[in-house]
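This report examines a protein chain, its metal site, its strand pairing and its charged contacts. Please consult the sequence and the structure alongside the text.

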Amino acid sequence: MTEFATFGCEACCAEDALVAREHHHSYSGVRIEKMIQDDSHFIVSVKRCELCSQAFVSVFTEYVDWAASNDAQYRTVLPVTDAEAADLMEGRLTPHQAGALGRGRRYLQSDWPSDADDPTVYWSGGVFEVREGY
Ligand SMILES: [Zn+2]
């Protein structure tokens, strides 16, 4: 099994992905520190846990599905160091480069294909591809 670096606290990085997601979605849980990109189908922000100050980069991608009533939505929330968060917020690191930061780390992934009633939330890990939706 791959070893991943440890980040955050038992709320924002709870072993149970659904518990972690709950904290990330609550108003007093994880707060947006800076919006980096805010298009309707591609939203990237740096967030911070109110409890332990762990920084995260959140990448939201939506694909408009004209055939289905729901649009497919994917969200990746990756813990980052303060230095990486600053690089992202100040433009030294682009949202597309953020995927490479996943190396050796876990990230909270939420997949909501257009044909599903509910999102699937799980911890994944490693380098991921950052794609813009449409
Ligand atoms: Zn935390």
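Does Arg48 count as buried or exposed at 14% relative accessibility? The model is predicted, and in it Arg48 counts as buried, because a relative accessibility of 14% falls under the 20% limit.

## Salt bridges

Seven salt bridges are present in the structure. One of them joins the side chains of Arg48 and Asp82, with an N to O distance of 3.0 Å. Arg48 belongs to strand β2 and Asp82 to helix α2 (residues 82–89), so this pair ties together parts that are 34 residues apart in sequence. Glu33, Arg48 and Asp82 are linked in a network of salt bridges.

Arg106 forms a salt bridge with Glu15, and their closest N and O atoms are 3.4 Å apart. Because Arg106 lies in strand β5 and Glu15 in the segment before α1, the contact ties together parts 91 residues apart in sequence. Glu15 counts as exposed, at 65% relative accessibility. A further salt bridge, at 2.9 Å from N to O, connects Arg92 and Glu90; both residues are exposed.

## Zinc site

The SG atoms of Cys9, Cys12, Cys49 and Cys52 coordinate the zinc ion at 2.3 Å. The four donor atoms subtend angles of 106 to 116 degrees, which makes the arrangement tetrahedral. Along the chain, the donors follow the spacing C-x2-C-x36-C-x2-C. Cys9, in the segment before α1 (17–25), and Cys49, in strand β2 (residues 42–49), are 40 residues apart. Cys49 is buried, with a relative accessible area of 2%.

## Strand pairing

Strands β3 (residues 55–63) and β4 (residues 72–80) pair in the antiparallel sense over nine bridges. Within β4, Gln73 stands opposite Glu62. Strand β4 also runs antiparallel to β5 (residues 106–112), joined by five bridges; Tyr74 has Asp111 in β5 as its bridge partner.

Note on methods
Residues are numbered from 1 along each chain as its sequence is written. This is a predicted model: local features need pLDDT of at least 70, side-chain atom pairs count only at pLDDT 80 or more; totals for chains, interfaces and linings use all residues. Side-chain values use heavy atoms; hydrogens and water are left out. Donors are N, O and S atoms within 2.8 Å of the metal (3.2 Å for Na, K and Ca); water is not among the atoms, so sites may look incomplete. Four donors count as tetrahedral if all angles lie between 85 and 135 degrees; four count as square planar and six as octahedral if opposite donors are over 155 degrees apart and all others between 65 and 115; anything else is irregular. Helices (H or I, at least four residues) and strands (E, at least two) are DSSP runs, numbered from the N terminus. Buried means under 20% relative accessible area, exposed over 50%, partly exposed in between (1.4 Å probe, protein chains only). Two strands pair if DSSP finds at least two bridges between them. A salt bridge is a side-chain nitrogen of Lys or Arg within 4 Å of a carboxyl oxygen of Asp or Glu.
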